[in-house]
Amino acid sequence: MRRLPVYLVLDTSGSMTGEPIEAVKNGVQVLVSTLRQDPYALETAFLSVITFDSSAKQIVPLTELSLFQMPNIDATGTTAFGDALQLLAEKIDSEVAKSTTEVKGDWKPLVFIMTDGAPTDNWQKGLAEFQKRKTGIVVACGAGTGADTNVLKQITEVVVQLDTADSGTIKAFFKWVSASVSTGSQKVEASGVDVGGLSELPPPPPEVNIVV
Amino acid sequence: MSAININFPNGKVNQEYSIELKSVAEQFGIAELNFEGLEDLGLQYDEDEQQITGVPSLAGDHQIVMKYQLKDKQDGQPEFLSKEITLIINPDPKELWKKSIPTPENIAYYKPDSNKEFVKVETKITKKMLGLKQTKEARKDLVAASQRGRSHAIEGKPRDDDFALFFDEASEWYVMTVADGAGSAKYSRKGSEIACQTVIEVCKEQIAAKRAILEKAIRVLSKEQTQENRNAVGKTLYEIVGGAAFKAYKNIDAEVSKRAGENEQEAVAIKDYSTTLLIAICKKFDFGWFIGGFWVGDGGMGIYRKEPEYLKILGEPDGGEYAGQTRFLTMSEIMQAEEIYRRVRFDIVPDFTALILMTDGITDPKFETDANLNRIEKWHQLWRDLEGENEDRLKVDFTDDNEQAADQLLQWLDFWSKGNHDDRTIAILF
């Protein structure tokens, strides 16, 4: 079976302490429980969570949606964004199957990145690695006004911004992510074609602003 | 005392669930345990065995409460402490997939959600010796079925696959074709339909016009397998099946212009009619069978013989590095003489069990990879599966002239395969 890999890359630096980090945790839970209602996603979507603070860690390896459980996360440290992109690139290499005559490849991975600040490491190096990988849609989300959307724009065409990093707004973002993953898995199952750009995603809610 | 930290593995509706808590109790020094909220989900906690068992009946993220008493209970502490635990029960995907919305009949290019056909080719009786002696010869029949995929049914979207069958009594040539309209293309259901109809039309006409040359070349080749003789067969076959594929492309292109002319405000292009195409033509000679094919896109087409075992795949599936990358008849780069010629294949065999054409709605679940398409074990498996060796005991009876085979094949197409819910179409000569 062809899997639809979904990577969530989440900022857990010190500035996320308190309401934002709690909102992110809730958001992932809402995302997963919504997706489980969707038979396309339930059968095809695989989820991984990568967090980054002073360094990046994959806290959940690519896992079948039905087995997924969100571990506890804490906010601390700086913003090693480049490290996260580097790790993401490595994980795509090791976890996402390409088609060969002997293997039926996975769908191109969907990537959702969320950060509330500016990178504190050499992020261009990580970006260069990430860009060598083939991905489906990549959405970068700046949570609150502290996020550097100029950096995000260099990662992907699809950049959105949340005015505040409060729980309602972050929840709205994750609901949109879940709708996007649903669209992605439906599209691949029904048509055999990967999701392309922002125009193919469901319209974002009012709390989620598209950065042009 | 360390904080009690336990995670319950996720369960699934209608599937046995169990978790033992003995080790947790020991680890955290728990004297006594019980739970609240399990019964509503169809689960029980067995105090003696210290485990939760049952078959969950309700999907969702459930909060259950664990009440526990510690062995070294401190003064002033309540008798029982409690902890909330999330227990995730997944829905049964089979239940979620059950929803089926009929395709609205008022859409452009409406097509029924399923189709089937049986072409009965009756036993041939030849009279010899002034009609005093006769010989009977059972002849192979054609059967095909096509079913809309669950991924379309759940949204009330139409079937994009198609097929067509033809047997010419006069010349005894068989023609079969299947096509898979691209799910991402809005009118691919029409593309696949035009392709199949055109193939029958052109093959009928071309076989009538060219069969003398083709049959002669085949007879020559059957006696002497030289490159020159192969080329002679290839040339005429190319004119027939390659010609059919090219005309299918032209007819689709004409439909695009027609649609554009009738609906000025709508933007349509040939890629909106994208379809794959598999064609096979064949005939029985006194030395055996000739089978010629043309193939563009994914899916599969093969000559299969159970005993003595034999398998010949009439082409190669067009795949890409990642899933879902294939080629379509409607791509201009495919409609080049050299490309078409490259896709024409033929074979001469003494006999076969089945000549099978199928779309990727069948090859994906039954063969999984392109490499497996070349493995005869996989074809043995498919044939046994068709003959009833499957979970639902659905059987297609391949005895000669069994007209029920079409219905049986259509039912068989409903097989369950996790993550594989595309339109399914299969055509068999047996």
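Helix α4 (residues 188–223) of chain B and helix α5 of chain B pass each other in a right-handed crossing, meaning that the near helix is turned clockwise from the far one by less than a right angle, anticlockwise being left-handed. The helices here, and the strands further on, are DSSP runs numbered from the N terminus (H or I over at least four residues for helices, E over at least two for strands). This is a predicted model, in which local features need pLDDT of at least 70 and side-chain atom pairs count only at pLDDT 80 or more, while totals for chains, interfaces and linings use all residues. Residues are numbered from 1 along each chain as its sequence is written, chains are lettered from A and ligands numbered from 1 in the order in which they are written, and side-chain values use heavy atoms, with hydrogens and water left out.

Two packed helices are described by the angle between their axes and the distance between the axes. For α4(B) and α5(B), the axes come within 8 Å and cross at roughly 160°; axes are lines fitted to C-alpha atoms, for helices over the stretch in contact, with angles from 0 to 180 degrees between N-to-C directions. The pair is therefore roughly antiparallel (over 145 degrees; under 35 is roughly parallel, 65 to 115 roughly perpendicular and the rest oblique). Their contact divides into 19 nonpolar, 7 polar and 6 charged residues. Here Ala, Val, Leu, Ile, Met, Phe, Trp, Tyr, Cys and Pro count as nonpolar, Asp, Glu, Lys and Arg as charged, and the others, Gly among them, as polar.

Stay with α5(B) for a moment: its 36 residues (227–262) reach 50 Å from first C-alpha to last, close to the 52 Å expected at 1.5 Å times one less than the number of residues. Look for a kink of about 35° centred on Tyr238(B), the bend being the angle between axes fitted to the seven residues ending there and the seven starting there.

Now turn to chain A, where α3 (residues 81–95) and α4 (residues 123–131) pack at about 20° with axes 7 Å apart. That makes α3(A) roughly parallel to α4(A).

Back in chain B, a cis peptide bond joins Glu307(B) and Pro308(B), with omega about -10°. Pro308(B) sits in the loop between β16 (300–305) and β17 (310–313).
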